[in-house]
Amino acid sequence: MSLNVRIDNVSKKYGTRTVLDSISFSMGDGEITALLGPNGSGKTTMIKMLANIHEQSEGTISINDENIRDIDPVDLAKLVGYVPQQFLFTPYSTVFETVLLGRRQYIKWAVTEEELNRVQNSLDALEISHMAGNYMDKLSGGERQKVFIARALAQEPELFLLDEPTSALDIKYQIEVMETMRRITKEKNKSMIVAVHDLNLAYKYADKVVVLKEGKVAAYGNPHDVLTPECIKSVYGVDSFIVENEHGRFIMPFKAN
Ligand SMILES: Nc1ncnc2c1ncn2[C@@H]1O[C@H](COP(=O)(O)OP(=O)(O)OP(=O)(O)O)[C@@H](O)[C@H]1O
């Protein structure tokens, strides 16, 4: 399925305070867009509007030319797989049940063999099948994060919305999760919008970056063109330099005296 996501002049106010101001960007099939920006710059707010959890105050968000506000919730659940920054879960449900429920809160008929396979494949992709029967409240923060990524995978959506999906993961799993998500996005022609703090993850895995500063788009485009020391200085107020070697291109931030 072909997917086109458009964010046109979207603003969001909480009360009288504007936290996002005239945001516009778009993305197509197989694209990974990283949302970057300092704490409080509006990344989670943007993702929640894309997941149709918060309503924008102005502007439109459309998927395949249809306003997401007009898309039936059952259809939207098939289109969008959302991994929140903070997870809500039922403590006495198992990992397997939690991953299965991602889709089944919208679909109320008997579990099919295909659904069970989809759950198992997602658990395998995140290397957590050995914990399928474990209770959610007995997992570590990083293990829970992997369960919720597996849940989004099991939904087989067209668009993944991931809000800081690697924040609780050790460096090995940060790389593995991003590799897995990138592989699935590219192989299956899905799209992904991911909020991250790690500029190097954005550098390595995103096709485009949207850099937010105080609710506005400070920079937008290819990460290699956009994430320059000048941009990082103006958005985060820290100095940085770029290292390039056979493993790739890396941003090294530091605080100048
Ligand atoms: N429900 C809410 N009511 C009022 N203000 C809110 C609400 N949610 C977020 N905000 C404010 O909106 C601004 C943007 O918050 P948001 O969570 O989108 O930022 P963020 O870029 O995701 O931050 P972080 O990197 O710290 O997760 C912040 O100043 C925050 O205090």
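Predicted model: local features only at pLDDT ≥ 70, side-chain atom pairs only at ≥ 80, totals over all residues.
Q: Which strand does β11 pair with, and over how many bridges?
A: β11 (residues 239-245) pairs with β12 (residues 248-254), antiparallel, over 7 bridges. Strands are DSSP runs of E, at least two residues long, while helices are runs of H or I with at least four, and both are numbered from the N terminus. Two strands pair if DSSP finds at least two bridges between them.

Q: What do β11 and β12 form?
A: A hairpin, with 2 residues between the two strands.

Q: OK, new topic. What's the strand order in the 4-strand open sheet?
A: β2-β1-β4-β5, with antiparallel pairing. β2 (17-27) and β5 (66-67) each have a single partner strand, so one side of each has no neighbour in the sheet.

Q: How many bridges link β1 and β2?
A: 7, with β1 covering residues 5-14. In that pair, R6 has S26 of β2 as its bridge partner.

Q: Which strands of that sheet does α1 touch?
A: α1 (residues 43-50) touches β1, β2 and β4 (58-63). Contact here is C-beta atoms, placed from the backbone, within 7 Å. The direction of α1 makes about 60 degrees with that of β2. Axes are lines fitted to C-alpha atoms, for helices over the stretch in contact, and angles run from 0 to 180 degrees between N-to-C directions.

Q: And which strands does α1 lie across in the other sheet?
A: β3 (32-36), β7 (159-163), β8 (191-195) and β9, at about 150 degrees to β8. Those strands belong to a 6-strand open sheet in the order β6-β7-β8-β3-β9-β10, with mixed pairing.

Q: Which residues surround the ligand?
A: Y14, V19, G37, N39, G40, S41, G42, K43, T44 and T45. To be near, a residue needs its C-beta atom, placed from the backbone, within 6 Å of the molecule. α1 gives the largest share of that shell, 3 residues.

Q: Last one: is E55 buried or exposed?
A: E55 counts as exposed because it has 11 C-beta neighbours inside 10 Å. The cut-offs, with C-beta atoms placed from the backbone, are 20 or more other C-beta atoms within 10 Å for buried, 12 or fewer for exposed, and partly exposed in between. E55 is in the loop between α1 and β4.

Conventions. Residues numbered from 1 in each chain as written. Contact = placed C-beta atoms within 7 Å.
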